Amino acid sequence: MKSLATITEEDIKTIKMALNDSISDMNTELKGNISDKKKEAIREYKNKYNMVLEKLGKNPSIYALGDYELDIAAGGLNDAIELLDENTTDDLSEQEKNDILAYKNDCLRLVNMLAR
């Protein structure tokens, strides 16, 4: 298992991108026809993801996050992986497929590091 000290600036960008992707999906979900209870749960996660995103925006270091926030970041990475699995289609170019696979692999690697 690798140390958090090996997380690079590029890895922080990947985490931020995953959180943004997850938040975007939540915004879409909130516009749909779902129960109030489900909406509240989604808003709660969206707020948590936004909190971590803001912290990383102010200080782009993994050490800006406490254990609780590391767990939230891992959740955002997992959500981004699920989105990639659900939304990847066969009509993509080879370059697009390679880019998506690289992003997914980065997310998986970071989840494993954060899961400690």
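This is a predicted model: local features need pLDDT of at least 70, side-chain atom pairs count only at pLDDT 80 or more; totals for chains, interfaces and linings use all residues.
## Getting started

Helices (H or I, at least four residues) and strands (E, at least two) are DSSP runs, numbered from the N terminus.

Residues are numbered from 1 along each chain as its sequence is written, and side-chain values use heavy atoms, with hydrogens and water left out.

## How α1 sits against α2

Two packed helices are described by the angle between their axes and the distance between the axes. Axes here are lines fitted to C-alpha atoms, for helices over the stretch in contact, and angles run from 0 to 180 degrees between N-to-C directions. Take helix α1 (residues 9-31) and helix α2 (residues 36-58): their axes come within 10 Å and cross at roughly 155°. That makes α1 roughly antiparallel to α2 (angles under 35 degrees count as roughly parallel, over 145 as roughly antiparallel, 65 to 115 as roughly perpendicular and the rest as oblique). The crossing is left-handed, meaning that the near helix is turned anticlockwise from the far one by less than a right angle; clockwise would be right-handed.

Which residues meet here? On the α1 side they include Ile 12, Ile 15, Leu 19, Ser 22 and Met 26, and on the α2 side Ile 42, Tyr 45, Tyr 49 and Leu 53 are among them. Sorted by class, the residues of this contact come out as twelve nonpolar, five polar and six charged (Ala, Val, Leu, Ile, Met, Phe, Trp, Tyr, Cys and Pro count as nonpolar, Asp, Glu, Lys and Arg as charged, and the others, Gly among them, as polar).

## How α1 sits against α3

Helix α1 also packs with helix α3 (residues 67-87), at an angle of about 65° and with the axes 8 Å apart. That makes α1 roughly perpendicular to α3. This crossing, too, is left-handed.

Residues of α1 in this contact include Thr 14, Ala 18, Ser 22 and Asp 25, and they meet α3 residues including Ile 72, Gly 76, Asp 79 and Leu 83. By class, the contact has nine nonpolar, three polar and three charged residues.

## A closer look at Ser 22

Ser 22 turns up in the contact with α2 and in the contact with α3. At 2% relative accessibility, Ser 22 counts as buried (under 20% relative accessible area is buried, over 50% exposed and in between partly exposed, with a 1.4 Å probe and protein chains only). Setting aside neighbours within four places in sequence, Ser 22 touches Tyr 49, Gly 76, Asp 79, Ala 80 and Leu 83, where contact means heavy atoms within 4.5 Å.

## The two tyrosines

The structure holds one aromatic pair. Tyr 45 and Tyr 49 form it, edge-to-face, at 6.2 Å centre to centre and 70° between the planes (rings of Phe, Tyr and Trp, its six-membered ring, pair if their centres lie within 6.5 Å; planes under 30 degrees apart count as stacked, over 60 as edge-to-face and the rest as tilted).

Both tyrosines lie in helix α2, four residues apart, about one turn of the helix. Tyr 45 is partly exposed at 45% relative accessibility, while Tyr 49 is buried at 2%.

## Two exposed spots

Asn 112, in helix α4 (residues 94-115), is exposed, with a relative accessible area of 55%.

Ala 5 lies in the segment before α1 and is exposed at 54%.
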